[in-house]
There are 4 protein chains.
Amino acid sequence: MLAGEIVPLTPTRIPASMRALRKVGAAPGLILDDVAVPALGPSDVLIRVRRAGICGTDQHIYAWDTWAQRRVKPPLIVGHEFMGTVVATGPAARGIAVGDRVSAEGHISCGICLLCRTGEAHICEHVEIIGVDTDGAFATFIRMPDVNVWKLDPSIPDEWAAVFDPLGNAVHTVMAAGVSTRSVVITGVGSIGLMAIPVARAAGAASVYAIDVNPAKLELASRVGADATFLASDPNLVDEMLRRTNGDGADVLLEMSGSGAAIDIGLAMVRNGGRAALLGIPPDDVNIKLAERIIFKGLTVLGINGRKMFETWYQTEALVRSGRVDLAPIITHVLPLAAFEESFDLMRSGKAAKIVLDLEHEERR
Amino acid sequence: MLAGEIVPLTPTRIPASMRALRKVGAAPGLILDDVAVPALGPSDVLIRVRRAGICGTDQHIYAWDTWAQRRVKPPLIVGHEFMGTVVATGPAARGIAVGDRVSAEGHISCGICLLCRTGEAHICEHVEIIGVDTDGAFATFIRMPDVNVWKLDPSIPDEWAAVFDPLGNAVHTVMAAGVSTRSVVITGVGSIGLMAIPVARAAGAASVYAIDVNPAKLELASRVGADATFLASDPNLVDEMLRRTNGDGADVLLEMSGSGAAIDIGLAMVRNGGRAALLGIPPDDVNIKLAERIIFKGLTVLGINGRKMFETWYQTEALVRSGRVDLAPIITHVLPLAAFEESFDLMRSGKAAKIVLDLEHEERR
Amino acid sequence: MLAGEIVPLTPTRIPASMRALRKVGAAPGLILDDVAVPALGPSDVLIRVRRAGICGTDQHIYAWDTWAQRRVKPPLIVGHEFMGTVVATGPAARGIAVGDRVSAEGHISCGICLLCRTGEAHICEHVEIIGVDTDGAFATFIRMPDVNVWKLDPSIPDEWAAVFDPLGNAVHTVMAAGVSTRSVVITGVGSIGLMAIPVARAAGAASVYAIDVNPAKLELASRVGADATFLASDPNLVDEMLRRTNGDGADVLLEMSGSGAAIDIGLAMVRNGGRAALLGIPPDDVNIKLAERIIFKGLTVLGINGRKMFETWYQTEALVRSGRVDLAPIITHVLPLAAFEESFDLMRSGKAAKIVLDLEHEERR
Amino acid sequence: MLAGEIVPLTPTRIPASMRALRKVGAAPGLILDDVAVPALGPSDVLIRVRRAGICGTDQHIYAWDTWAQRRVKPPLIVGHEFMGTVVATGPAARGIAVGDRVSAEGHISCGICLLCRTGEAHICEHVEIIGVDTDGAFATFIRMPDVNVWKLDPSIPDEWAAVFDPLGNAVHTVMAAGVSTRSVVITGVGSIGLMAIPVARAAGAASVYAIDVNPAKLELASRVGADATFLASDPNLVDEMLRRTNGDGADVLLEMSGSGAAIDIGLAMVRNGGRAALLGIPPDDVNIKLAERIIFKGLTVLGINGRKMFETWYQTEALVRSGRVDLAPIITHVLPLAAFEESFDLMRSGKAAKIVLDLEHEERR
């Protein structure tokens with residue numbers, strides 16, 4: 001009855017074991033290890049990982065902070081941003097073939113809840129995230145459901161394709177907020193905030209302003225297209241933004257810091273009737289001047305999670321292919337997987353924006 | 001050059017002075033007083049007030065609480081919900097004639113700011129509210145700009161017309177949230193929350209649930225159409241709502257209490273991807289579980305202020321004329337203006353829902 | 001590797017052959033026949049059909065008109081509106097169990113095109129429709145992909161569940177147009193147009209007007225909730241609608257006739273800035289006064305196809321469960337499958353609104 | 001009672017008569033004439049016209065075609081696209097002062113109909129258009145209601161400001177369609193279609209394709225940013241567009257030709273679920289394959305009229321100020337008013353895109 005079979009699971013290409021960066025116990029740190037290559041379910045595909053991005057989430061898991069202790073169940077292969085090549089497909093897998101160059105959506109949704117059945121699988125009630133809830137991408141191979149896989153346009157460089165996950169966060173936030181012809185403030189220019197700058201411009205923003213506590217990040221923000229940048233400590237911040245927006249305030253806030261102070265300043269800068277899209281995750285409760293900042297102003301506030309499946313992916317590809325989004329200045333480092341300790345050190349130092357791990361080459365390029 | 005003149009300013013109809021309920025000094029209480037009838041500007045109309053509703057805002061001004069002390073500058077005629085008859089029109093007033101039976105939008109917008117020029121005058125940057133910033137409606141006559149006046153359909157009873165302002169708040173909140181075919185939770189069933197129940201049902205809600213601390217209000221909520229009501233202190237509240245919504249949570253929250261605790265419970269009840277419209281004004285900052293309640297769930301949160309000019313008014317009239325919104329159980333008292341002390345006592349007691357003052361008859365009906 | 005197996009394919013319940021109403025050659029008519037029970041793919045389910053609705057499409061296929069000759073490839077089991085009980089599930093089928101009482105979405109979408117991947121599977125580029133492109137529901141059993149199956153709430157009567165497909169057309173049209181607080185004109189009250197009347201009212205329409213050429217259908221339209229009905233031949237039709245809408249025109253048009261003349265009259269009745277949702281399929285090109293009817297008026301015109309998967313199904317269930325949509329007057333006949341010739345005669349006569357076939361009972365009830 | 005007076009109507013600046021290009025009788029042609037300077041109503045302003053654009057509408061009036069004969073009542077000063085300087089203000093005029101450099105919205109709306117009161121004044125039921133229904137802008141002075149006047153940012157060149165009316169048509173069409181990250185087809189690249197190209201790109205379009213019958217216009221389309229251009233006669237047009245859009249079709253159609261053939265080709269190119277904004281005015285009824293082109297595809301079709309007051313004006317200014325919309329290649333000629341015959345000859349020849357008349361200088365620059 002089942003027409004298909006797993007193809008082509010040729011022994012030469014798929015070994016029994018693989019390298020994987022793992023959390024093996026309830027303590028800080030990760031280890032580079034040999035583990036079994038994952039087996040495929042009927043609709044799964046097996047991907048040879050070639051590049052993978054390091055995310056702030058990976059740092060939390062490395063550091064084994066409170067959030068990680070609550071959420072992560074070792075042992076676990078870490079990593080959720082990646083690209084690679086399909087090397088095997090389950091018998092019922094559709095739309096994907098061996099040899100396809102792919103990235104993948106890391107939110108594995110249940111497919112049968114209200115959200116999954118109404119085009120909102122990105123906020124599925126039962127979502128599992130690779131590298132957090134199930135084995136992830138810092139490994140030679142990763143297993144993914146066919147529906148999660150995204151075939152890459154040949155024009156997209158490997159390193160860029162590896163970070164379609166965070167780039168997609170930026171695109172989802174920008175598109176949900178709606179920036180066309182509008183003035184946009186971004187609070188927090190970590191790697192996603194930085195990506196949001198060229199994304200917002202390419203998506204039609206008339207002006208983009210960036211705010212952060214880190215002058216180096218603001219310098220990078222200018223390089224990727226911010227019209228002006230501001231230190232969060234600037235006491236004249238709100239006045240300056242009003243001055244630049246005819247006294248009205250900015251049309252749109254993209255909140256990408258997760259900082260309560262930034263959220264307050266950001267909301268203060270948005271004009272009456274404006275829109276605020278919140279992507280940054282505050283670790284604690286946030287004290288909000290709800291009446292003054294949101295209700296009287298008639299604001300629309302959007303909680304943003306993940307990427308729309310797969311509207312955001314189509315939008316992301318369209319933006320990158322249009323040539324108007326340049327990630328080169330944001331991908332500050334490409335390092336071999338073996339240099340993971342150095343990579344996490346760099347992340348902690350604040351000197352890197354986005355680091356991409358190369359799982360294809362043993363040596364540094 | 002100016003063709004018009006003020007018509008018909010007949011001395012028999014418009015006396016030099018009038019009765020008015022006023023805040024005359026920086027202290028609790030109001031006094032019923034004689035003051036001059038207001039003069040008209042070129043585009044103004046003069047309205048003989050016949051019925052006027054008492055709002056929570058009026059209670060704040062009566063009590064002279066912190067908010068009132070900051071906002072209100074005595075002397076001031078109080079009151080902003082009303083209906084009456086036009087008795088004079090300025091020479092440039094358009095669309096309104098003497099004799100018209102009218103209500104009016106109490107937000108006087110500047111007409112020239114970004115918001116006013118883009119169909120969002122309800123959140124005008126320079127708005128003045130009658131009965132708060134300028135003289136209001138608890139008086140024999142009130143002056144209004146022509147553009148603020150709403151001609152009433154003959155089928156609408158006087159007492160209902162008098163509360164089109166708070167009814168419009170309910171309609172604006174319901175329509176902004178979008179309730180058609182959806183499950184709706186209302187937190188806080190004061191008079192606007194109560195009005196929101198039949199409004200939501202008439203606007204297409206599939207189910208409406210009401211939450212409050214006051215059992216009497218919940219009893220009234222059931223009478224006007226709530227499918228179920230819950231005391232805010234019920235420890236199984238969130239579970240019960242999940243049970244009633246197939247485990248997903250409610251599609252829509254209408255927050256009408258201004259209570260931080262209610263906001264938290266309300267947001268907890270809304271499903272992933274749901275919508276929350278916030279009308280209640282929290283007196284203080286609110287502590288919000290932003291990540292858990294809004295961001296991860298992909299919620300849309302709408303700050304609601306006033307009524308859309310005049311989309312909300314058209315919607316309000318359509319709903320009332322359709323016969324599917326019954327305000328009779330909510331307007332619990334109609335009292336003469338002279339009984340204002342009794343009226344405010346009733347409001348404070350929690351025994352009244354909406355009290356309408358009759359400015360036309362000296363005696364109680 | 002595949003954990004599941006087909007369950008429970010018990011011989012007692014699933015015979016080798018079944019009764020089926022089929023188009024067997026390129027000529028008018030259908031025959032009631034014995035054919036093999038369909039085999040299941042890994043993600044399919046087998047449903048014992050209990051009730052099935054007859055649609056206008058089925059009439060076209062019966063009559064073998066030009067459209068049918070172009071589209072249908074005999075042999076084919078006809079019928080696409082149905083409900084029944086799941087009797088077997090493929091090994092990879094998810095979310096559905098044997099014994100479930102179900103209806104199903106008859107548009108089988110490809111799952112991998114742009115539309116399918118962005119929440120718009122109802123307009124999938126490669127859609128196949130049961131009873132038109134693949135074997136349908138006028139049979140003892142039907143095979144459906146698991147993702148197409150809709151579990152029914154126990155409160156929904158069998159006959160109503162059998163027509164969730166056309167009811168869903170009505171709901172999709174009403175919800176796309178957006179009727180909350182609005183005045184609505186429906187041109188064409190065949191069975192879907194009739195269903196659209198209580199649906200529009202339940203979804204919040206302030207008023208609903210029905211237009212048709214058939215007085216009997218208009219009489220039925222009044223019974224199910226139309227505020228007023230009009231013969232399409234009435235020369236004062238547009239004036240009368242303007243009179244009832246304060247001279248502005250109706251807010252919304254739901255076009256359900258497919259007639260060029262009705263489309264012109266309907267568009268003429270819609271107010272500037274209004275919305276028109278077109279569900280009726282004109283057999284030929286339509287001559288449209290594009291400048292006068294659509295462009296100058298700033299209209300929004302929506303092409304409507306099928307039902308949103310599965311937003312429309314959730315909305316449909318919510319509306320039916322709310323108790324505010326009564327299909328009883330619209331389902332004018334329930335007849336055994338063997339009476340199919342009589343059923344099609346009734347359809348042609350215009351005396352029936354919706355006919356439901358009973359595939360469970362040999363005799364008439 | 002009226003505080004204001006007309007300021008500063010100094011005799012040295014405002015003469016009794018002025019030059020004006022007029023239609024004086026029911027025949028082809030226009031004459032340059034001396035007429036009285038218009039008197040001001042209380043809320044009007046008087047503007048010294050400095051630059052004015054020639055529109056296709058002006059050509060229709062010049063040629064006295066069927067449309068013009070039906071609509072225009074001579075005598076009439078023609079012209080509706082302009083910029084200039086405010087030289088006098090009525091006593092009740094607000095937000096505008098003598099000396100302001102301005103353009104103006106040429107749709108004079110009634111202010112009191114449903115549309116005017118709900119933020120849709122651009123489709124006011126009683127609109128009058130300057131240069132068509134009332135005296136227009138090809139004159140030394142023009143009278144405008146204060147609410148119609150738009151203060152210009154100093155950075156905007158005079159010639160660009162003079163064509164904010166057609167530029168606004170392009171912006172309104174682009175923003176209504178929603179082009180951010182999308183592929184866009186424009187049918188018809190007359191001056192508005194040409195403007196729509198940089199507008200769409202600046203508003204976030206990922207790709208823009210232009211179609212026309214005139215190779216010279218297509219050449220200009222490429223210069224202002226079209227990714228590819230096509231002759232309407234190209235038999236492979238639809239296939240080529242499918243090839244460029246992954247077989248799906250374009251996301252968005254901007255129809256700016258008014259040609260029935262272009263509308264059919266354009267709709268054929270749009271993908272399922274796409275959007276089509278229609279600005280071009282077909283002179284006759286249009287035969288549309290409604291089922292195939294709109295209904296089955298689930299298209300959204302938007303009739304576009306004028307410019308949103310004043311959302312479109314804010315958007316237009318934001319786009320121009322962002323530096324991403326360059327009108328220089330589109331404004332092919334600037335000629336003195338006295339050269340109006342030559343200007344209309346140029347328009348007819350198809351050799352000009354947009355011609356701006358200079359009413360400030362007697363001689364050519």
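Is the crossing of helix 7 of chain C and helix 8 of chain C left-handed or right-handed? It is right-handed, with the near helix turned clockwise from the far one by less than a right angle.

Before you start clicking: this is a predicted model, where local features need pLDDT of at least 70, side-chain atom pairs count only at pLDDT 80 or more, and totals for chains, interfaces and linings use all residues. Residues are numbered from 1 along each chain as its sequence is written, chains are lettered from A and ligands numbered from 1 in the order written, and side-chain values use heavy atoms, without hydrogens or water.

Select residues 237-244 and 260-269 of chain C, which are helix 7 and helix 8 (DSSP runs of H or I, at least four residues, numbered from the N terminus). Their axes come within 9 Å and cross at roughly 30 degrees, so the two helices are roughly parallel (angles under 35 degrees).

Now show side chains. L237(C), V238(C) and M241(C) of helix 7 meet I265(C), A268(C) and M269(C) of helix 8 (heavy atoms within 4.5 Å). The residues of this contact are 6 nonpolar, no polar and no charged.

Next, hop to helix 7 of chain B, residues 237-244. Its buried residues (under 20% relative accessible area, 1.4 Å probe, protein chains only) are L237(B), E240(B) and M241(B). They fall within an arc of 100 degrees seen down the axis, so they line one face of the helix. That buried set packs against strands 11 (183-187), 12 (207-212) and 13 (228-231) and helix 8 (260-269) of chain B (strands are E runs of at least two residues).

Turn to the opposite face for D239(B) and R243(B), which are exposed (over 50%). Finish at N246(B), which follows helix 7 of chain B and has a positive phi near 60 degrees.

Note on methods: Axes fitted to C-alpha atoms, helices over the stretch in contact; angles between N-to-C directions. Parallel < 35°, antiparallel > 145°, perpendicular 65-115°, else oblique. Nonpolar A, V, L, I, M, F, W, Y, C, P; charged D, E, K, R; others polar. Arc of directions from axis to C-beta.
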